[in-house]
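Q: I am new to this structure and would like a close look at one part, the salt bridges. Please start with the chain as a whole and then go through them one by one.

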Amino acid sequence: MNVNQSAPPVPPFGQPQPVYLGHHQSSYGGQPGSTTAPTSYGAYNGPVPGYQQTPPPGVSRAPPSSGAPPASTAQGPCGQTAYGQFGQGDVQNGPSSTVQMQRLPGYQPFGSAILAPVVSQPAVLQPYGPPPTSAQVTAQLAGMQISGTVAPASPPSGLGYGPPTSLASASGSFPNSGLYGSYPQGQAPPLGQAQGHPGTQPPQRSVPLQASSFTPPASGGPRMPSMTGPLLPGQSFGGPPVSQPNHVSSPAPQALPPGTQMTGPPGPPLPPMHSSQQPGYQLQQNGSFGPTRGPQSNYGSPYPGAAAFGSQPGPPQPLPAKRLDPDAIPSPIQVIEDDRNNRGSEPFVTGVRGQVPPLVTTNFLVKDQGNASPRYIRCTSYNIPCTSDMAKQAQVPLAAVIKPLARLPPEEASPYVVDHGESGPLRCNRCKAYMCPFMQFVEGGRRFQCCFCSCINDVPPQYFQHLDHTGKRVDAYDRPELSLGSYEFLATVDYCKNNKFPSPPAFIFMIDVSYNAIRSGLVRLLCEELKSLLDFLPREGRAEESAIRVGFVTYNKVLHFYNVKSSLAQPQMMVVSDVGDMFVPLLDGFLVNVNESQAVITSLLDQIPEMFADTRETETVFAPVIQAGMEALKAAECAGKLFLFHTSLPIAEAPGKLKNRDDRKLINTDKEKTLFQPQTGAYQTLAKECVAQGCCVDLFLFPNQYVDVATLSVVPQLTGGSVYKYACFQVENDQERFLSDLRRDVQKVVGFDAVMRVRTSTGIRAVDFFGAFYMNNTTDVELAGLDGDKTVTVEFKHDDRLNEENGALLQCALLYTSCAGQRRLRIHNLALNCCTQLADLYRNCETDTLINYMAKFAYRGVLSSPVKTVRDTLITQCAQILACYRKNCASPSSAGQLILPECMKLLPVYLNCVLKSDVLQPGAEVTTDDRAYVRQLVTSMDVAETNVFFYPRLLPLTKSPIENTTEPPAVRASEERLSNGDIYLLENGLNLFLWVGASVQQGVVQSLFGVSSFSQITSGLSVLPVLDNLLSKKVQGLIDSLRAQRSRYMKLIVVKQEDKLETLFKHFLVEDKSLSGGASYVDFLCHMHKEIRQLLS
Ligand SMILES: [Zn+2]
């Protein structure tokens, strides 16, 4: 039971254990001469029939033809249209149509016409500095030019920036919430640099034209309350960010090796290419390029808005204000594409310490050579500062996002299972760390030194092996625990509760049969589905049948238990109406083997919808239902999972009774946090009991109105369970989504009754944890259940000095019960580098993981702090991170430059997406339940999920040739990127939209929708007709493929341009200003620059 238990001494270990069938692997570790035969090892998680994602054969998909009342009878908040059906609660009940996001006139010219110095293009960076991997990015933003050293020049008239007054107003008033608020429409509109130069395609390195006439995009930037310095109007100069590795103070003749930092004196001006190629603009370039500091005096105005470019004899400026060119700021799409191109072809081999893995958006294979795959562990940084002082200075959170039971692609082998027999796994006597590749064998192999605590331990005789001349055990490659980053140990009885090997787990299905559940058709649909789904419960390896037993309960105000013993001709019902003192009325016959009781179970599932068909009972209980399931598992002495299907706020008189306390007026007040907190402590107490029993709770909600998700999700959250939410559920609209989620949820691999411990080498330790679990002390993460989708995020702090030579080690040990009832330990090891130079830290960070951590940190923060405070904290931290870099790592350059570390250049855009997410800045259409729901979802998300959740993927469907079947390259999530002659898919892991431009060719409309014109397309459509043509098949195929990549089914919503549903869609165009007041990317970047500058001044 306890991960820390020390193993009892001795007996011989049985190295090869043919016990777990699964992935056949002829010789792991690439060692042809392996002496043992590991072929039969492996395979937890292996591709086994029981886990397949495909729906069970013979399942009836059709909604019941009788029974379910017509959907149209749904009333109330759900009557409304597709909004009500929308998404996983992210945005349901959307705004009622009148709000239309305005397309700013200025935006249009942007996309294509204007030159775009692309910050991140490696090709661009090449000649000037280090290769992109280590290059930094210089972005020179409008609005950044504050502290120049040169006397201001007066602005020439006609140059075109707005007068201070207008700039001031542009400088970000955020009326709502005092934070972001919305920018006045039309303010700081993008200016059309393009306008004067249509079609101009300057060389990539060029600075955007007319930098001098930019209107402070910054001025439009969000002004944070925390800002103390004066916000200078119009201090927004400098022109767009430049594609320049900022480390280079002088034009480097060749690419520098990664990490090289040139700090020499300012070199000669940039190569003349710009000016020669862009006559007329050369003068502005000076200011835009970091390295060329000589001529920068022009920008050094203390009154930047006014003087910065004043003396520039630039070309006539056609417009009074210029906006930062969105093409010139770091693009997520470009970064993702570059990483795919650079790192997608080779496998990621884990043998090297501190290696930053490819991005989560890159497809790559992993070869385990001693460190855990990034599928199991991703870190915010792979190079940790040696001292806490350095860490504090940098403010970069040190965290690992761990997914211990991650599913692997079929090409990768599941961890081997090592059986050491009765002696159990070998561990350090002092810190209890498990044997791993980093343990150092000494004294000819008779002892080993612990790599975590340095303790010298004896090697038990049966584990002894000689060392080779390098000091390595000669059997190192024959033993997973000596050569691999991830592996499993069979646990001995010492690791089991009550010193008894566990029984196989059980699943209990608990179905709300109150009026709403019956009326929506849910009960009938669910019962029908379960008849076949139960044949696909998780199995161990190639076991013929699942060891999991099942039980059934239905409930409204009272609970009905069913005896489905195989010997019965018909199921028997037992009613428990004393919900205040829950007990399980039967033991024998409640939890049964599916095969043995097939007939009785089928009969029960046939009868349930009929039995309650005429119910008028609208009230439900909730806590007693969980209590009953937990008691049943306790009585059966096993762990397991409860699947709860629930429809309404539990207002019936019973423990855990809730009241409707929804109050949107609390938003933006100090009491807003109460919306995220449970309204009673009863559920925490209940959850604790569940965890002790290994009872995990998965909750499927089907609310027609407020159900208090914040309270109902407490038990799932603390027991490692999942919550699904189908607002205003109607069979015909939602059955596909619900059934897909249900099938996946029931079939997925789960580790039960689990305890996770993360050990670290001396110098750092795990101090904080995020995810769906319970903690009774400061170190052990208890998970009643843990599935392959869930992550636990761990934050580390220094408690001593680290050193570069030894690096830092993490070992995550998960003790759990498999679905067949076997007790196992899964071990993941990861070695990180340590540094004494901050630059090394900044070169080895992973922004996607940072964002995952920061989002979780913030989403937990809203439980205890005002949301505004949480947002400010995020912004401040981000500014500190970037300011520290600027101060310590970047070469000296103009204050007007925003300089971002190469691997963090997306931090601002992604952070902005977090800040304007529904939890931290809800739109008017987002319900309290939606926010609570999303909050808890994000808590367990892995890095890939948060990445696409916060920055959705937008795929043009009609741009590439129709024969081209590969996934089209994404475009940036901004309205500017939409062309009204095209069709796009947008997905964020929960939602899926198909946006149709108003001028799409008729042929395309016909091919895809089977109608003859745009106007005939049904807005809000959720299923595309299956048509026999290439385009239709391609789009359907793409939709299927996107769905297959995500852990939850994404329901499609067709949105027509200019239709009212478009408002909802635009909510996901995260680079744009949001209706709820969230800043645009450009504005936020400018704001971030201000914050940084303030920190530096
Ligand atoms: Zn130790």
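A: **Salt bridges and their setting**

Among contacts in the chain between residues at least 6 apart in sequence, 77% join residues at least 24 apart. The model is predicted. The chain has 1097 residues, and 63% of them are buried. Its secondary structure consists of 29 helices and 31 strands. The accessible surface of the chain is about 36,400 Å², with carbon and sulfur atoms accounting for 53% of that area.

Within this chain there are 48 salt bridges.

One of the salt bridges joins Arg524 to Glu610, with 3.0 Å between the closest N and O atoms. Arg524 belongs to helix α13 (residues 522-533) and Glu610 to helix α14 (residues 598-611), so this pair ties together parts that are 86 residues apart in sequence. The two partners can also be described by their accessibility. Arg524 has a relative accessible area of 18% and is therefore buried, the cut-off being under 20%. Glu610 has a relative accessible area of 47% and is partly exposed.

Another salt bridge is formed by Arg931 and Glu672, whose closest N and O atoms are 2.7 Å apart. Here Arg931 sits in helix α24 (residues 928-939), while Glu672 sits in the loop between β17 (640-646) and α16 (682-693), so the pair ties together parts that are 259 residues apart in sequence. Both Arg931 and Glu672 are buried.

In a further salt bridge, Lys1051 pairs with Asp734, and the closest N and O atoms are 3.0 Å apart. Lys1051 is in strand β31 (residues 1051-1056) and Asp734 is in helix α19, so parts that are 317 residues apart in sequence are tied together by this pair. Lys1051 and Asp734 are both buried.

Helix α19 (residues 731-747) also contains Glu732. With a relative accessible area of 46%, Glu732 is partly exposed. The C-alpha atoms of Glu732 and Ser520 are 9.6 Å apart, although 212 residues separate the two along the chain.

Salt bridges also link residues into a network, whose members are Arg407, Arg744, Asp745, Lys748, Asp787, Asp789 and Lys790.

Of the 16 residues of α29, 13 are buried, so the helix is largely enclosed by the rest of the structure.

Technical notes:
Residues are numbered from 1 along each chain as its sequence is written. This is a predicted model: local features need pLDDT of at least 70, side-chain atom pairs count only at pLDDT 80 or more; totals for chains, interfaces and linings use all residues. Side-chain values use heavy atoms; hydrogens and water are left out. Buried means under 20% relative accessible area, exposed over 50%, partly exposed in between (1.4 Å probe, protein chains only). Helices (H or I, at least four residues) and strands (E, at least two) are DSSP runs, numbered from the N terminus. Contact means heavy atoms within 4.5 Å. Accessible areas come from the Shrake-Rupley method with a 1.4 Å probe; for residues, only the protein chains shown count as cover. A salt bridge is a side-chain nitrogen of Lys or Arg within 4 Å of a carboxyl oxygen of Asp or Glu.
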